[in-house]
Amino acid sequence: MTAAMNDTADTADTAMTVAIDGPAAAGKGTLSRLIADAYGFHHLDTGLTYRATAKALLDRGLPLDDEAVAETVARQVELAGLDRDILSAHAIGEAASKIAVMPAVRRALVEAQRAFAVRKPGTVLDGRDIGTVVCPAAPVKLYVTASPQVRARRRYDEIVAKGQAADYETIFADVKTRDERDMGRADSPLKPAADAHLLDTSEMSIEAAFQAARAFIDAALK
Ligand code: CDP
């Protein structure tokens, strides 16, 4: 880690940041947007930074296993232009989780994410390593999860709602593969920070999860 990154990390740690982590399709995106709207905070879906890097590599026909090339592309990602609709393709998600194991790619994207985290009046960042690595001193950390079955069902419903064809068993297998890759990697594996509040949304509505999150945030703001 460079001295410049340490400086950025220290500044990020003093801002009002809500750090939200969790596995694929746990509901953290919806929850993050609700929180950002309610408090007037800036929101960054950090998964999109990995997806944008992956898409740029795929579009240019560049290899997904060359760390130096992937790092160069990661450093060119503009946070302002990230759009989940453009980056939602399944192949982009798969490629994103492959390049997300590369430490040089993570360093580049984490640097940009920390710079975002200090924006006023506050920020919500969601991803896999926000509470553990990106903003370890965030005053509010949430770990949003749900059973693999519930998450696969949500993904399935999302795709069907867009009028596209979906196969539940394939999606369920994908969710499990992605979990294994995200939780099993050496650099910044997905896991709850020691001081994260756990929100299991398997049987909790998004509204109930939002109310629980509000109580934690309001307590931290006092
Ligand atoms: O498909 P889903 O919406 O669940 O994933 P995403 O949030 O778009 O992230 C795509 C991939 O990027 C994940 O599977 C992770 O491997 C990686 N990622 C990460 O490593 N760290 C983050 N903070 C966010 C995403």
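On a 1 Å grid over the protein atoms alone, a pocket is an open set of points where a 1.4 Å probe fits, with protein on both sides within 12 Å along at least five of seven lines, and its lining residues have an atom within 4 Å of a point. The model is predicted, so that local features need pLDDT of at least 70 and side-chain atom pairs count only at pLDDT 80 or more, whereas totals for chains, interfaces and linings use all residues. Residues are numbered from 1 along each chain as its sequence is written, and side-chain values use heavy atoms, with hydrogens and water left out.

The largest pocket has a volume of about 1300 Å³, and among the 49 residues of its lining Ala25, Arg51, Arg84, Arg155 and Glu158 are the closest to the centre. This lining comprises 15 nonpolar, 14 polar and 20 charged residues, and helix H10 (168–184) provides the largest share, 6 residues. Both domain 1 (17–41 + 122–222) and domain 2 (46–120) contribute at least three residues each to the lining of the largest pocket, the bounds coming from an automatic or database domain assignment. Ala25, located in the loop between strand E1 (17–21) and helix H2, has a positive phi near 60°.

The ligand is surrounded by 17 residues, the closest being Arg51, Arg84, Arg106, Asp129 and Asp182, where a residue is counted if one of its heavy atoms lies within 4 Å. Polar contacts (pairs of N or O atoms within 3.5 Å) include those of Arg84 and Arg185: a polar side-chain atom of Arg84 lies 2.9 Å from a ligand oxygen atom, and a polar side-chain atom of Arg185 likewise lies 2.9 Å from an oxygen atom of the ligand. Of the 530 Å² of accessible area that the ligand has on its own, the protein covers 98%, as computed by the Shrake-Rupley method with a 1.4 Å probe.

Methods. Grid points are joined across faces, edges and corners, and a volume is the space filled by probe spheres set on the points. Helices (H or I, at least four residues) and strands (E, at least two) are DSSP runs, numbered from the N terminus. Ala, Val, Leu, Ile, Met, Phe, Trp, Tyr, Cys and Pro count as nonpolar, Asp, Glu, Lys and Arg as charged, and the others, Gly among them, as polar. A polar contact is a pair of N or O atoms within 3.5 Å; within protein, one must be able to donate a hydrogen and the other to accept it, and residues adjacent in sequence count only if both atoms are side-chain atoms.
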